[in-house]
Amino acid sequence: MNRNRLAADLDHILDHTRALWDELRGERIFITGGTGFFGCWLLESFLWANERLNLNARATVLTRSPRSFEEKAPRLAQNQAVVLVEGDVRNFDFPAGTFSHVIHAATDASAKLNNENPLLMLDTIIEGTRHTLDFAVQCKAEKFLLTSSGAIYGKQPSDMTHIPEDYLGAPDPLDAKSAYGQGKRVAEHLCALYAKQSNIEMKIARCFAFVGPYLPLDIHFAIGNFIRDALKGGPIVVKGDGTPYRSYLYAADLAIWLWTILLRGESGRAYNVGSEEDISIAETARSVARSASPNISLEIHGKPNPLVAPERYVPSTKRAQDELRLIQSFFLDEEIKRTIAYLQEKDI
């Protein structure tokens with residue numbers, strides 16, 4: 001990954017979070033899921049602030065495979081402010097000592113696992129959250145952040161353009177494929193229960209869809225698949241009819257939002273994290289094609305049904321905007337261009 005481009009994003013994050021970091025001065029923080037898409041951006045931004053503001057803080061990161069993480073991101077894994085702890089989120093041995101802040105970002109949003117072994121998906125989310133909460137109590141954490149999901153709302157009504165935090169919908173409990181959303185609902189409830197019996201401030205980030213460096217290109221994220229197709233020269237393939245609406249927040253903005261929610265969010269409150277810029281899957285694919293090369297072709301395999309309203313998965317972020325003054329700094333075309341530039345220069 002090109003360091004100059006990455007540095008620009010990290011400077012952007014620091015510019016929008018500078019007032020927050022003093023709370024972590026001299027502290028130890030603990031992160032589960034620290035080697036995934038969210039975790040890498042949390043670590044990148046944490047280490048950037050740590051070095052430039054002389055915070056003298058340290059991050060302990062739970063990972064199932066320290067070796068794999070060192071191969072993926074050696075610069076992060078080998079930083080002197082990072083300690084890697086090997087273990088499963090459901091039963092890891094608690095590191096000794098106190099930690100002021102715990103970020104629980106583990107559990108991949110894996111469509112493959114959700115389809116093939118939904119019970120394992122459910123158990124990992126619920127048991128992992130409870131085990132991490134038990135650790136937060138033992139290590140005397142002051143603040144805890146759960147990265148939850150917009151999946152907790154279930155299917156978004158077609159007449160609701162942007163889904164707010166007070167919408168009381170839910171996934172279908174009789175649908176095995178709802179294991180991910182059901183698990184995140186229970187995880188949020190566990191946070192509420194632990195908040196009641198401890199002094200830990202519980203913050204919840206309900207995350208939607210994102211784009212940027214570190215995003216996997218080979219799983220179920222449509223925009224990641226489109227970028228992969230584009231980098232291979234095309235065609236960009238839309239397997240469905242292209243009508244569902246999604247929105248994408250850039251990774252640098254994601255990091256700003258997560259740190260702000262952890263450090264300034266109200267305890268016991270959930271905040272949607274994402275973009276309000278709703279765009280169809282077909283138009284997303286066209287945007288990727290425009291950003292990559294004018295010669296890349298686009299294939300849409302499905303045909304829209306005019307009698308069926310397009311599906312939507314788009315958040316309202318009014319709460320985050322009004323209460324935490326969070327904004328979206330980058331929009332789709334620019335987000336895609338920045339992501340493609342990173343990936344192209346990474347391979348040079």
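In this predicted model, strand β1 (residues 28-32) and strand β4 (residues 101-104) pair in the parallel sense, and 4 bridges join them. Within this pairing, F30 has V102 of β4 as its bridge partner. Both strands belong to an open sheet of 7 strands, arranged in the order β3-β2-β1-β4-β5-β6-β11 with parallel pairing.

- Strand β5 (residues 143-149) runs parallel to β6, and 7 bridges join the two.
- In this part of the sheet, S148 stands opposite R206 of β6.
- Strand β6 (residues 201-207) is mostly covered, with 6 of its 7 residues buried.

**Helices packed on the sheet**

- Helix α2 packs on the sheet and touches β1, β2 (58-63), β3, β4, β5 and β6. The direction of α2 makes about 165° with that of β2.
- Helix α9 (residues 251-264) also packs on the sheet, where it touches β1, β4, β5, β6 and β11. The direction of α9 makes about 155° with that of β6.
- How many of the 16 residues of α2 are buried? The number is 14, so α2 is largely enclosed by the rest of the structure.
- The length of α2 (residues 37-52) agrees with expectation: at 1.5 Å a residue, its 16 residues should span 22 Å, and its end C-alpha atoms are 23 Å apart.

**The contact of α8 with α10**

- Two packed helices are described by the angle between their axes and the distance between the axes.
- For helix α8 (residues 222-231) and helix α10 (residues 281-292), the axes come within 10 Å and cross at roughly 35°.
- The crossing of α8 and α10 is right-handed.
- On the α8 side, the contact is made by A222, I223, F226, I227 and A230. On the α10 side, I281, T284, A285, V288 and A292 take part.
- An α-helix has 3.6 residues a turn, so residues three or four places apart point the same way.
- By class, 9 residues in the contact of α8 with α10 are nonpolar and 1 is polar, while no charged residues take part.

**Backbone features in loops**

- Most residues other than glycine have a negative phi, and most peptide bonds are trans.
- N54, which follows α2, is found in the loop between α2 and β2. Its phi is positive, near 50°, in a residue other than glycine.
- Is N54 buried or exposed? N54 has a relative accessible area of 59% and is exposed, because the cut-off for exposed is over 50%.
- K140 lies in the loop between α6 (118-138) and β5. The phi of K140 is likewise a positive value in a residue other than glycine, near 60°.
- K140 is exposed, and its relative accessible area is 61%.
- The peptide bond from G234 to P235 is cis, with omega near 0°.
- P235 has its place in the loop between α8 and β8 (236-238).

- C207 is in strand β6. With 4% relative accessibility, C207 counts as buried.
- Neighbours within four places in sequence left aside, C207 is in contact with F38, T147, S148, S149, G150, L258, V273 and Y313.
- C207 and E51 are 156 residues apart along the chain, and their C-alpha atoms are separated by 28 Å.
- E299 belongs to strand β13 (residues 298-300). E299 is partly exposed, with a relative accessible area of 34%.
- Which residues are in contact with E299, leaving aside its neighbours within four places in sequence? They are P235, I236, V237 and V238.

Technical notes: Residues numbered from 1 in each chain as written. Predicted model: local features only at pLDDT ≥ 70, side-chain atom pairs only at ≥ 80, totals over all residues. Heavy atoms only, no water. Axes fitted to C-alpha atoms, helices over the stretch in contact; angles between N-to-C directions. Left-handed = near helix turned anticlockwise from the far one by under 90°. Contact = heavy atoms within 4.5 Å. Nonpolar A, V, L, I, M, F, W, Y, C, P; charged D, E, K, R; others polar. Expected span 1.5 Å × (residues − 1). Buried < 20%, exposed > 50% of the residue type's maximum accessible area, 1.4 Å probe, protein only. Pairing = 2+ DSSP bridges.
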